[in-house]
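This briefing is for a reader meeting the structure for the first time. Please look over the sequence and the model below before reading the points that follow.

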Amino acid sequence: MEFKSWDFLFLTLKKNTKMATITAADVNKLRTLTGAGMMDCKKALVEADGDFDLAIENLRKKGQKVAANRSDRESTEGAAIAVVNADKTAGVVISLNCETDFVGKNEGFVKLATDLANLALNFQTKEEFLAADFNGITVADKLIEQTGVIGEKIEIGSFERLEGAFVGSYIHAGNKIATLVSLSANVPGAEEAARNVAMQAAAMNPIALDEAGVDASIIEKEVEIAKDQLRQEGKPEAMLDNIAKGKIQRFYKDNTLVNQDYIKDGAVSVSGYVKSVDANLTVTGFKRAALG
């Protein structure tokens, strides 16, 4: 049989080229580094001839392709996580969003969300956080990588930071809602009080801390709604302003955190509950992240 020159060259190269041996330990190492599935890691290592950096890059490229294909998908599921620093003076609440509840409940996904939240504690803005290093790649690249691994659109939804004299947190069962609350002082009982008020914020979804935090446009709209209702009830025009003011006070009571009835004791407001812990204690802020 005759061989052409390029056939001989190919056979020589094939004979002298040794393919890298991919071991189970290698696959497990890549899985630990990236969070990708075993088969995806094995395939990436084979394609990269055992080069870990190239394998990681291949997984990332796969994520970019998946992300581009799923960019118009809604990511309303996931995990909302709140974490507080060691001295309880700052906290952050984030949501790691995905497309399905099945992925959002996955133990590995929740761990990733928690790890990201702990990293987010070091940054003031979402933009700084997304550019931060996360095990050798940026957070933004990690999200793209995980999009390829999981096959769903993965993104950071909420990113809220809160600082104060004392900051507490609460995560609702199932990681659907996470909240932070800041208090005016670190006094005995502050930790329990902050958690209870954070639970209140999770359950009652206030629109603001107090009256001052409600946007004027919202109040104007509520006043007009109240007046229209009163007119339909046949109330005299001259009485509308005074009656509407009363309805606005009710609006504040229902929708601002410190004025709401305390969920564990409806006889007092949230502000009243906090003062029962310490006469000078006040709620100074809150942040809330919810899925859906």
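This is a predicted model: local features need pLDDT of at least 70, side-chain atom pairs count only at pLDDT 80 or more; totals for chains, interfaces and linings use all residues.

A residue counts as buried when its relative accessible area is under 20%, as exposed when that area is over 50%, and as partly exposed in between.

**Salt bridges**

- A search across the whole structure finds 10 salt bridges, and three of them are described here together with the accessibility of the residues that form them.
- K105 and D101 form a salt bridge in which the closest N and O atoms are 3.1 Å apart; K105 is exposed because its relative accessible area is 60%, whereas D101, at 28%, is partly exposed.
- E163 pairs with R161 in a salt bridge with an N to O distance of 3.0 Å; here E163 is partly exposed at 44% relative accessibility, while R161 counts as buried at 19%.
- D261 and K253 are joined by a salt bridge whose closest N and O atoms lie 2.7 Å apart, and both partners are partly exposed, D261 with a relative accessible area of 34% and K253 with one of 28%.
- Through salt bridges that share partners, E77, D101, K105 and K176 are linked into one network.

- Strand β1 covers residues 77–84 and is mostly covered, since seven of its eight residues are buried.
- Strand β2, made up of residues 90–98, runs antiparallel to β1 and is joined to β1 by eight bridges; within this pairing, G78 has N97 of β2 as its bridge partner.
- The two strands β1 and β2 form a hairpin with five residues between them, and in the turn K88 has a positive phi of about 60 degrees.

**The loop residue S75**

- S75 is found in the loop between α4, which spans residues 52–69, and β1.
- Is S75 buried or exposed? S75 is buried, because its relative accessible area is 8%, which falls under the 20% cut-off for that class.
- The side chain of S75 makes a polar contact with the side chain of E155, at a distance of 2.4 Å.
- When residues up to four places away in sequence are not counted, S75 touches N97, C98, E99, K153 and E155; among them, N97 is also the bridge partner of G78.

Notes
Residues are numbered from 1 along each chain as its sequence is written. Side-chain values use heavy atoms; hydrogens and water are left out. A salt bridge is a side-chain nitrogen of Lys or Arg within 4 Å of a carboxyl oxygen of Asp or Glu. Buried means under 20% relative accessible area, exposed over 50%, partly exposed in between (1.4 Å probe, protein chains only). Helices (H or I, at least four residues) and strands (E, at least two) are DSSP runs, numbered from the N terminus. Two strands pair if DSSP finds at least two bridges between them. A polar contact is a pair of N or O atoms within 3.5 Å; within protein, one must be able to donate a hydrogen and the other to accept it, and residues adjacent in sequence count only if both atoms are side-chain atoms. Contact means heavy atoms within 4.5 Å.
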